[in-house]
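Subject: Structure for you to look at

Hello,

Here is the structure for your files. My notes follow below it.

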Amino acid sequence: MRKRQYYNKKIMVRVLFCFLLTLMVQGGVFSLPAQKLLYPGDSLYDALTALSMEQRLIFLSGSVMTVAQAELMLAKINDEELSPGGKVLYEQARAALARPSLLSRNNGLFAFDFSPGVQPEVYYKTNDKLPWIYGRNSRQPLIPLPVTLSISSYITAEADLYLGENRQFSRVNNNYINIPFETSAEGVDAIDVNTPTRAYVSAGFSFGQGFGMNFKLGLGDDSLGRTKTGSIILSDNMRGFSYGSLTIYAPFLSYTASVMELEVTKYLYLHHLQVAILNRLSLSLIGGAMVNAPLELRYLNPMMVFHSFSAWNSYGDYNDQMGNPEDLTPWDSRVGSYMGISVDYRPWKYGRFYALGAMNEFELSGEGGEDSRTPNGLAFQWGYESWLPVSGEGRTGYVTFGLEGVYTFPYMYILGNKAWSYYREVPEDPRYREWVGTPFGPDSAAAIFWVGYHNSSRWSAELSFLFLAQGENATTDVFSGNTYRPQSRAETVATTPTGTAAYTYLIKTRGAWEVKKWLDLSVQPAYKIVANYGHIAGNLQHGFEVAFTARIIPDIGLLRKNKDHRRLTGSTSTSR
């Protein structure tokens, strides 16, 4: 019996190998599949944002979208009315949507894409008491091996396989390269066996006239609202969770229903409706719930008001079955409500104002009494972003600049029990936790200003300055004990930042240069000063840090003499 199973497996492997070989030998190079996912950090995303701002068009996204949605947005752009820099960027965006790679084949029905590369990185910092600036979520794998399979324009499956160091090891102080060949002093293995960190199956189709739908099931990250520092509602700083989502879109609106499995029996349900108003303003409404219980269908109903479920009274029997009613009393609801709003306004060409608000708890006047210890959980974010085209002496590009502010209440994301608070435990890194929203966490106030230049052909540069004030509730270390809720009325009504606040001043620069079509180089120096580091009065820490990256991606344009192909300047590598 075992022998027969062995031969069956060998036959299956041979069939799969022959199938992939057929795709690679037969058929032509394919454009990006319609159901492939694009992430807010992708350079194509930036290009669509810049082009839409130049023509004062609303970009109905701010979160993960499909290539089909990107093509619809690009189709709205009138390239004849663009600036010289805009026309170059428009052609680069069109080329990016049809980019060939080293091993991409399409026989008309099935498509296969394999885009290996090499990304060596070197890091250095002067103060080991400070964590890496270019750290856990910024470092790239040494050898990205993304694989994409597609069936016509309806189904796409993709996995960002790679060989690299694990994210736990990337936080080690004496880790100066991304080559995974050693074990840290803490006993952490360098090589990452938890690959991939993004993997999904995406299916959908277009009804025509800008209408369509998409369903995706996968592992990865998402965000709600395009921001500089990470959305207060849902930030891509939280990564590696499983999700399922359904999106229905039209020229003037988009609706997405999502469920995210942050931990075993910890689900975040979100419903996101985005509407374009007069093609200058977009309004997004987000409603959801965090539930510490098995998957439930009732939270997937888009037409239901969650408050009507009285869900906080629904889990008494479940608590008894779990055998832990005393552990949860008096906070035994197992559910937290979540609401968000986002506004994007384009008053003139080349710029946009944006504002976001989020709430997970709010007590009206008269509720709870004068001695209530139920804190309000609110967060606000606002900013301005501009992409200004410039040209002269045969050169074209964009000057970018903007500013952003963030303010979170001391108990934002923190509910009555950490089991359904708005954060995620990371299984592969037990000492690390991630907030659902802004990476600054609750009890924080921040402001950032940035300015940069993106040359249309070869290089880009950016300078940013960040000021951040964080109270003692800001980090996820607040959940290390059992007293993370207010112990008095004074703590309940305290304002940000609480306790001994830590003040951070961070200057970052980044320069990127496309040396060849197959070679990109970048350098990222930064200097950080932290007053009251660790919330210890008088503890001043400061340090310099720099990161160097070389990105080598075999360019099929060189192999096939395709002189028209060029990557978007400043394009990002496979994100982890």
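**Threonine 229 and the cores**

Beyond its neighbours within four places in sequence, threonine 229 is in contact with Gln381, Glu404, Val406, Pro439, Phe440 and Ile448 (contact: heavy atoms within 4.5 Å). Its side chain makes a polar contact of 2.6 Å with the side chain of glutamate 404 (a pair of N or O atoms within 3.5 Å; within protein, one able to donate a hydrogen and the other to accept it; residues adjacent in sequence count only if both atoms are side-chain atoms). Threonine 229 sits in the loop between strand 9 (211-220) and strand 10 (strands are DSSP E runs of at least two residues, numbered from the N terminus). Threonine 229 counts as buried because its relative accessibility is 15% (buried: under 20% relative accessible area, 1.4 Å probe, protein chains only).

Now the cores. The largest nonpolar core has 44 residues, and Tyr338 and Val436 touch the most other members (such a core is a set of buried Ala, Val, Leu, Ile, Met, Phe, Trp, Tyr and Cys residues joined through side-chain atoms within 4.5 Å). Elements giving it two or more residues include strand 10 (241-249) and strand 21 (459-470). Apart from it lies another core of 25 residues, among them Ala47, Leu48, Tyr90 and Tyr398.

Overall, buried residues make up 52% of the 576 in the protein chain.

The model is predicted: local features need pLDDT of at least 70, side-chain atom pairs count only at pLDDT 80 or more, and totals for chains, interfaces and linings use all residues. Residues are numbered from 1 along each chain as its sequence is written, and side-chain values use heavy atoms, with hydrogens and water left out.

Best wishes

Note on methods:
Buried means under 20% relative accessible area, exposed over 50%, partly exposed in between (1.4 Å probe, protein chains only). Helices (H or I, at least four residues) and strands (E, at least two) are DSSP runs, numbered from the N terminus.
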